[in-house]
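Subject: Structure handover

Hello,

Here is the structure we talked about passing on. My notes on it follow below.

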Amino acid sequence: AKMATIPLGFNIDAPRWDQSTFMGRLKHFLNITDPRTVLVPEEELDRAKALVEGCRAGLVPPGSSQEQLLYAKKLYDSAFHPDSGEKMNLIGRMSFQVPGGMALTGCMLQFYRTVPAVVFWQWVNQSFNAIVNYTNRNAASPISLKQIGVAYITATSTALATAVGLNLYTKRAPPLLARWVPFAAVAAANCVNIPMMRQQEIINGVTVTDGDNNELGCSRRAAAKGIAQVVVSRITMAAPGMIILPIIMERLEKFPFMQRIRVLHGPLQVLLCGGFLLFMVPAACALFPQRCSLALSDLEPELRDSIMAKHGDKVPYVYFNKGL
């Protein structure tokens with residue numbers, strides 16, 4: 001097949017929007033967390049990957065428009081890991097966060113009254129989170145099956161202990177407090193699940209580069225900063241739906257028409273969760289730059305000294321992928 005050269009000055013890996021601003025990052029994540037990309041067939045994703053890789057090599061099929069190349073990059077970013085280039089499992093993709101998250105959050109908010117229901121839905125949610133955290137880790141740090149198992153069990157236990165403990169504690173509290181128990185459990189579990197799933201990064205460090213992507217070494221402090229930012233993002237992602245929605249439902253359920261359609265309360269919560277997540281998934285991902293930076297002075301002394309010895313003061317900041 002004949003190949004055409006790419007348009008002059010077009011770099012497929014250059015972000016379309018300024019990643020140093022929140023609005024630029026929001027547009028970027030609205031693009032790649034688009035839930036519609038979940039429905040794209042596997043063959044089309046593979047074609048998008050081939051087109052992106054061809055474009056990187058400077059060759060594209062004749063007649064390819066810039067729009068086609070940008071759409072291929074959108075599909076590539078939504079389905080392939082930024083470090084390894086491997087196709088991510090469907091459940092772990094950020095574009096699946098809206099459909100997956102809305103179903104799980106809706107169920108957690110609806111079935112919070114009995115301990116067995118709390119245990120079941122928190123367990124399902126933590127299983128989903130474990131898959132998402134594993135899929136979106138910094139893939140340069142391999143993790144063993146045993147470590148995945150330990151991470152999964154500790155995160156799930158934390159969520160269940162928090163949820164069941166608070167559930168029993170709020171039996172005598174106002175009804176609204178009981179509705180906020182799922183959020184407290186999700187927040188507590190995120191603080192455990194993400195660092196545990198990505199423990200290799202904390203133990204061995206993540207690869208840091210200079211501004212031109214030249215590798216400089218591995219830093220544990222960089223890993224800790226990246227993971228802390230991801231924890232904040234994930235809790236922010238869940239917060240509005242899990243805090244505001246219970247207040248809305250508490251008010252709505254007082255109306256006579258709502259008491260007549262109790263069977264629809266669950267589906268209604270799921271739909272409302274979807275509305276919150278459609279905006280909150282990209283907004284929470286956009287809180288911090290994906291290409292995270294750390295000042296040279298904040299690195300481990302031995303890594304800082306080795307960079308200073310090689311490059312002098314030419315590298316004030318190092319950069320790394322924080323994961324999502």
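I start with Arg-36, which sits in the loop between H1 and helix H2 (42-56); helices (H or I, at least four residues) and strands (E, at least two) are DSSP runs, numbered from the N terminus. Arg-36 is exposed, at a relative accessible area of 61%. The scale used here is buried under 20% relative accessible area, exposed over 50%, and partly exposed in between, with a 1.4 Å probe and protein chains only. The side chain of Arg-36 is in polar contact with the side chain of Asp-34, at 2.7 Å. A polar contact is a pair of N or O atoms within 3.5 Å; within protein, one must be able to donate a hydrogen and the other to accept it, and residues adjacent in sequence count only if both atoms are side-chain atoms. Between the C-alpha atoms of Arg-36 and Ser-95, 59 residues apart along the chain, the separation is 7.7 Å.

Two points on how to read the numbers. The model is predicted, and local features need pLDDT of at least 70, side-chain atom pairs count only at pLDDT 80 or more, and totals for chains, interfaces and linings use all residues. Residues are numbered from 1 along each chain as its sequence is written, and side-chain values use heavy atoms, with hydrogens and water left out.

Domains

The protein chain is split into domain 1 (22-80) and domain 2 (94-321), with bounds from an automatic or database domain assignment. Their C-alpha centres are 26 Å apart. Twelve residues of domain 1 are in contact with 16 residues of domain 2, contact meaning heavy atoms within 4.5 Å. The two domains bury about 1,100 Å² between them, 75% of it on carbon and sulfur atoms; buried area is the accessible area (1.4 Å probe) that two parts lose on being put together, summed over both. Arg-25, Phe-29 and Thr-33 supply 46% of the area that domain 1 buries against domain 2, more than any other three residues.

Across this interface there are three residue pairs in polar contact, both residues at pLDDT 80 or more. Helix H1 (residues 22-32) gives the largest share of the side of domain 1 that touches domain 2, namely six residues. Salt bridges between the domains number zero, where a salt bridge is a side-chain nitrogen of Lys or Arg within 4 Å of a carboxyl oxygen of Asp or Glu.

In H1, the buried residues are Gly-24, Arg-25, Leu-26, His-28, Phe-29, Asn-31 and Ile-32. They pack against helix H3 (66-79) and helix H12 (265-285).

Individual residues

Asn-190 belongs to helix H8 (residues 181-197). It is buried, with a relative accessible area of 3%. Leaving aside neighbours within four places in sequence, Asn-190 is in contact with Asn-129, Pro-195, Val-231, Arg-234 and Ile-235.

Thr-209 is in strand E3 (residues 206-209) and counts as buried at 12% relative accessibility. With neighbours within four places in sequence left aside, its contacts include Asn-214, Arg-291 and Tyr-317. The C-alpha atoms of Thr-209 and Ala-284, 75 residues apart along the chain, are 25 Å from each other.

Asn-213 lies in the loop between E3 and strand E4 (215-219) and is exposed, with a relative accessible area of 54%. Its phi is near 70 degrees, a positive value in a residue other than glycine. Most residues other than glycine have a negative phi.

Regards
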